[in-house]
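Here is a short tour of one protein chain, written to be read with the model open beside it. Have a look around first, and then let us walk through some of its details together.

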Amino acid sequence: MADIILTGISVATGIAIGKAYFVNRNHQAHLPRHTIAASLVPGEVDRLHEAFATVEAELASIRKQVPDELKSHGLLIDTHRTMLKDPKLSGAAEEYVRTLGLNAAWALEKAVSDQEAAFGAIKDPYIRERMQDVRVVADKVQVKLIGLDNDLSAISSRAIIMAHDLTPADTVELQVDKIMGFATVRGGKTSHTGIMARSLGIPALVGVDKLEDHIHDGDLVIIDGLAGKIVVNPTETELEDYNERAANFEIYTRKIKRHCQLPAETFDGSRVQVLANIELVEEVATVIDNGGEGIGLYRTEYAYLNRIELPTEEELADKYIDLAAIMSPRKVVFRSLDLGADKFIASYGELNETNPAMGLRAIRFCLKNPQLFKTQLRAILRASAYGNVSLMFPMISGVKEVRQAKAWLAQAKAELRREGVQYDPDMPVGIMIELPAAVMIAEYLAQEVDFFSIGTNDLIQYSIGVDRTNHHVSYLYQPLHPATLRSIKLVVDAAHQAGIEVSLCGEVASDPFCVPILLGMGIDSISMTPQAIPGIKRIIRQTNMHDCRKLLKDVLGCRTVSRINNLVMDNIFKHFPEEVDFFSSLLENDESPT
Ligand code: PEP
Ligand code: MG
């Protein structure tokens, strides 16, 4: 058996085998705490300020290498540089060296703790975020002070990075050709680290508890991004097994990628558009590289998080115009801000809701904050002059909400017209179908808009009444629940009856086993994480509509999820034997591919 097998959240799939290389260790365990003689105080104060200056200089040099497309990384590095130059933190630490005779690293720790204590009681997520930035900056200075310096750029051979956390500044330094995978203690699926791993296309896990206790520099580790595991110091047999799986994965991904630029057309000539979901504009290259035919969901809220000020219309328009122009003539569907619930922006603070998922989020939040909404609408409209741009509103629950949102859009258009600013007057406007209420009145909603996009991630949680992040009830979160399938069918039929197009952009779209059912329903496009595109296109190209319609008819006649799962698996075994072989070769015997 391996020394230990740790688990985490897989944010990028694949298998990597290599030597562990630690960066950004949690240095707190090594923090020296002692007092110094009065005669040594001036020297210690100099050392403290030198450490601040060195870290600032290093960040300044990294900042210069930040490409234009990674503006958000650049802004965060700027924030960190400002904190390093601001004498507040270094001054408070200096005070502890001078008055209590503490060594510099300890003095800085006390200065940070003071700030944490002062701000800790404040619930405002903005303040909390800033405190995290203070911590990041102080950590870097402390690492310098205690000589535990580690350097991402010093990696000489291919390695698997282990870190407590990876900051945006670190990500700029990552040399993709030297890094085979990584694992961090901190971070979630939608964290910066997760997003970056997906766009780099290397296997990665986040949220790996006790990583630093069980793995040491130079340990042989296997990152299994398929099962969400790290195998530490594997046995010969485990190593052989994983080497084989890694080779199979490599062969399969290379093979499917070879054909990813071909259209997603079934055997019998039906076309479906395969689009990508992105969170950051810089993911565009990955989309095109993986054969994405456009952007079906741009989650615009990410550009609002992780920063001090709200983005201005100019800043947004710059970013949006770039995206529209790069993708043109391919389509880009902008989703208006889906803030609220767990995604708060600094200036608006936390709303203190008992049930935030059912609270003031998405379109509700925008309609309550029209200035914020209109700034974004104007920026999207401006981008529409440069490409094939559509707009959709999230979390729509009724006809009135659509009309209100469209009224703000009309106002934004009128303003731009008066100002002589170009925009596409016919920009298609759609809504996301994410609530059971919207499903039930899809027929009315279809009269109000140009297209629907079904957000199954939320639709499943709201229709089955199960929080998708709550592990106690995760067994109930079933994409193939009869209610989910009927809802999707109802929406597709209502859209087509009204003569509008319908897309699906929840995670269901990247599940190769669900896609034949969606095709059977006659969905017009599906939008997914860019890395899933080649595999999904391959499934579509091996399918014929007759089989898909037959499968759909059968699953709609089922009363239980397990019966539907069986039919879906039978279908896969019957029509996609190569996929079955592939998945079995990657997974352990006791795990099913779903
Ligand atoms: C969805 O709800 O399915 C969706 C695509 O939106 P998000 O995951 O951003 O909530
Ligand atoms: Mg959603």
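## Ground rules

This is a predicted model, in which local features need pLDDT of at least 70 and side-chain atom pairs count only at pLDDT 80 or more, while totals for chains, interfaces and linings use all residues. Residues are numbered from 1 along each chain as its sequence is written, chains are lettered from A and ligands numbered from 1 in the order in which they are written, and side-chain values use heavy atoms, with hydrogens and water left out.

## The whole chain

The protein chain has 23 helices and 16 strands. Helices (H or I, at least four residues) and strands (E, at least two) are DSSP runs, numbered from the N terminus. Of its 594 residues, 53% count as buried. Buried stands for under 20% relative accessible area, exposed for over 50%, and partly exposed for values in between, with a 1.4 Å probe and protein chains only.

How much of the contact count comes from residues 24 or more positions apart? They account for 69% of the contacts in the protein chain with a separation of 6 or more, a contact being heavy atoms within 4.5 Å.

Let us zoom in on α21, which spans residues 545–556. Its 12 residues reach 16 Å from the first C-alpha to the last, close to the 16 Å expected at 1.5 Å a residue; the expected span is 1.5 Å times one less than the number of residues. At the start of α21, a side-chain oxygen of N544 comes to within 3.0 Å of the backbone nitrogen of H546.

Which residues of α21 are buried? They are M545, C548, L551, L552 and V555. These residues cover an arc of only 120 degrees around the axis, which puts them on the same side of α21; the arc is that of the directions from the helix axis to the C-beta atoms. An α-helix has 3.6 residues a turn, so residues three or four places apart point the same way. The buried residues of α21 pack against α18 (482–497), α19 (515–521) and α22 (561–575). On the other side of α21, H546 and K553 are exposed.

## Rings and charges

A search of the whole structure turns up 4 aromatic pairs. Rings of Phe, Tyr and Trp (its six-membered ring) pair if their centres lie within 6.5 Å, and planes under 30 degrees apart count as stacked, over 60 as edge-to-face and the rest as tilted. One of the pairs is that of Y298 and F334, edge-to-face at 5.5 Å centre to centre with 65 degrees between the planes. Y298 lies in strand β10 (residues 294–299) and F334 in strand β11 (residues 331–335), so the pair ties together parts that are 36 residues apart in sequence. Both Y298 and F334 are buried, and ring pairs link Y298, Y320 and F334 into a cluster.

K110 lies over the face of Y96, 5.4 Å from the ring centre, and the charged end of R245 sits over the ring of Y242, 4.2 Å from its centre. The criterion is NZ of Lys or CZ of Arg within 6 Å of the ring centre and within 35 degrees of the ring normal.

## Buried glutamates with arginine partners

E109 belongs to helix α4 (residues 104–120) and counts as buried at 9% relative accessibility. Its side chain is joined to that of R135 by a polar contact of 2.9 Å. A polar contact is a pair of N or O atoms within 3.5 Å; within protein, one must be able to donate a hydrogen and the other to accept it, and residues adjacent in sequence count only if both atoms are side-chain atoms.

E279 lies in the loop between β9 (273–278) and α10 (284–289) and is buried, with a relative accessible area of 7%. A polar contact of 2.8 Å joins the side chains of E279 and R299.

## Backbone details to look up

Most residues other than glycine have a negative phi, and most peptide bonds are trans. A362, in helix α12 (residues 362–368), has a positive phi near 50 degrees and is buried at 0% relative accessibility. M395, in the loop between β12 (388–393) and α14 (399–419), has a positive phi near 60 degrees and is buried with a relative accessible area of 0%.

The peptide bond from S328 to P329 is cis, with omega near 10 degrees. P329 lies in the loop between α11 (313–327) and β11.
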